[in-house]
Amino acid sequence: VKGEKAKIKIVKVNKNFAFGKLLKVIEKSDKRCEPICSIYKSCGGCQLQHISYSEQLEFKKHKVIDCLERIGKIDTSSIIVHDTIGMENPYYYRNKVQLPVGEVNGKVKIGFYRERSHEIIEVDKCFIQDKAANEIMLIIKKWIEEFNITGYNEALGKGTLRHIMIRKAFKTGDIMLALVTNDKNLPHKEELIHSITTEIKGVKGIIQNINDKKTNVVLGKKEIILWGKGTIQDYIGGFKFNISPKSFFQVNPVQTEKLYGTALKYAGLTGKEVVFDAYCGTGTISLFLSQNAKKVYGVEIIPEAIENAKINAEQNGVENAEFIVGKAEEEIPKLIEKGVKPEVVVVDPPRKGCEKSLLYSIAKASPRTIVYVSCDPATLARDLSVLQGEGYKVLEVQPVDMFPETHHVETVVLMSKAAGSAAIFNR
Ligand code: SAH
């Protein structure tokens, strides 16, 4: 924890930095606290539980500043870096839980994988997943014991239950449970359905997903609805989304609204603009932007996500969004070549950031504003520095805490065409 003095064993030395293992804290920070979870050290899902929440938010802000300075060579004293937007209650925020079920020495275990391994750490309660998910997990454990249900053995490819997945729609309270099994056979399912539906409020669907492949992919192709419906519905902002076991949906919807709200604010739309949403996924940001834009083009590499994006737009009566399947670095230049001229470009790439060629073509199209939404401050800083070289200036940076207790940080950056550059004169 920042400010502490500690005894550390250096375990690996690189050119400019080293890795250490904490042996003993000599002078303790008052920001250090007792982790709430008993398996914090073995689980690996959370990394910052030993730091008070307000300090976690500081830590994330400084992680962003550090990357911008060190990797992006951006002087952060001349721009606005806001405090991290945190949660009022930084626990029980995940709406989706995926738990592996396995068997070790004849005993069935449900929990999480130990970091970088497939060893299952038994979990009875997780403090960052929804409370109903914790209750469902206990009911399933009881059922497994009572009826001798077998857990999946990865090495042998045998055993009934492979994974359980629980999804909850926070705005509607609807819950879905998916049981991933190794084959069609699911003994004593009636008893489980009875317990879940009588003991848990809000359950709208129980689904069996069959995955008979030896693979790390959780869900298989075949699905059987055992009880109720195959989809539930949730809202982000005013928009409605259908969620099935396979569909992508942000796992922290409360913070997602704040993230997208910031992106929309930074876009500064008046209703007249053409906007690009690169890496649009299922089109959630595109829908947010469409409220105040003339036209939004969403580009995404996964065809199923684009199918979902189109359905989401239609279901919400959005008619000014167009979705294109393909690589952003190929499809965006094609749009520009066709003569489509964006006033605003939003990018929300995966951890590895944007292709350099995409950044060059965006800069060449000369939008007045670029909004960069990032889940990795290091690649963000690298890409911002490329855009700065192309005549854009960073104005504001807003870190958002989408995953409290973990080291992850999401960032929204507002960039504007630097004053005096050719593009502004052309306008
Ligand atoms: N903006 C979306 C999703 C962002 S995640 C949301 O807020 O929900 C990043 C997305 O980029 C993923 O959906 C991933 O499939 C997609 N992607 C990865 N590489 C891509 C590429 N080269 N071109 C376009 N999309 C890509």
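The legends below describe close-up views of a predicted model.

**View 1. The salt bridge between lysine 60 and aspartate 401**. The side chains of lysine 60 and aspartate 401 meet here with a distance of 2.7 Å from N to O. Lysine 60 belongs to helix H2 (residues 53-70), whereas aspartate 401 sits in the loop between strand E18 (392-400) and strand E19 (410-417), so the pair ties together parts that are 341 residues apart in sequence. Lysine 60 counts as buried because its relative accessibility is 0%, and aspartate 401, at 0% relative accessibility, counts as buried as well.

**View 2. The salt bridge between aspartate 83 and lysine 61**. Aspartate 83 and lysine 61 are joined through their side chains at 2.7 Å, N to O. Because aspartate 83 lies in the loop between strand E3 (80-81) and strand E4 (96-104) while lysine 61 lies in helix H2, the pair ties together parts that are 22 residues apart in sequence. Lysine 61 has a relative accessible area of 14% and is therefore buried, the cut-off for that class being under 20%.

**View 3. The salt bridge between lysine 171 and glutamate 257**. In this pair the closest N and O atoms of lysine 171 and glutamate 257 are 2.4 Å apart. The pair links distant parts of the chain, with lysine 171 in the loop between strand E7 (161-168) and E8 and glutamate 257 in helix H5, 86 residues apart. Lysine 171 counts as partly exposed at 49% relative accessibility, and glutamate 257 counts as partly exposed at 27%.

**View 4. A network of salt bridges**. The residues linked in this network are Lys107, Glu122, Asp124 and Lys141. For the model as a whole, the count comes to 19 salt bridges.

**View 5. The packing of helix H9 against helix H10**. Helix H9 (residues 356-365) and helix H10 (residues 377-389) pack at an angle of about 35°, and their axes are 10 Å apart. The crossing of H9 and H10 is right-handed. On the H9 side, Lys356, Leu359 and Tyr360 take part in the contact, and they meet Asp383, Val386 and Leu387 of H10. By class, the residues of this contact of H9 with H10 comprise four nonpolar and two charged, with no polar ones.

**View 6. The surroundings of serine 247**. Serine 247 is placed in the loop between strand E12 (239-243) and helix H5 (253-267). With a relative accessibility of 10%, serine 247 counts as buried. Its side chain reaches the backbone nitrogen of serine 244 at 2.7 Å. When neighbours within four places in sequence are left aside, the residues in contact with serine 247 are Arg167, Asn242 and Asn308.

**View 7. The surroundings of proline 187**. Proline 187 is found in the loop between strand E8 (175-181) and helix H4 (189-199), and proline 187 is partly exposed, with a relative accessible area of 29%. Leaving aside neighbours within four places in sequence, proline 187 is in contact with Trp143, Ile149 and Thr160. The C-alpha atom of proline 187 is separated by 9.8 Å from that of threonine 150, although these two residues are 37 residues apart along the chain.

How values were computed. Residues numbered from 1 in each chain as written. Predicted model: local features only at pLDDT ≥ 70, side-chain atom pairs only at ≥ 80, totals over all residues. Heavy atoms only, no water. Helix = DSSP H or I, 4+ residues; strand = E, 2+ residues; numbered from the N terminus. Buried < 20%, exposed > 50% of the residue type's maximum accessible area, 1.4 Å probe, protein only. Polar contact = N/O pair within 3.5 Å; in protein donor to acceptor, adjacent residues only side chain to side chain. Contact = heavy atoms within 4.5 Å. Axes fitted to C-alpha atoms, helices over the stretch in contact; angles between N-to-C directions. Left-handed = near helix turned anticlockwise from the far one by under 90°. Nonpolar A, V, L, I, M, F, W, Y, C, P; charged D, E, K, R; others polar. Salt bridge = Lys/Arg side-chain N within 4 Å of Asp/Glu carboxyl O.
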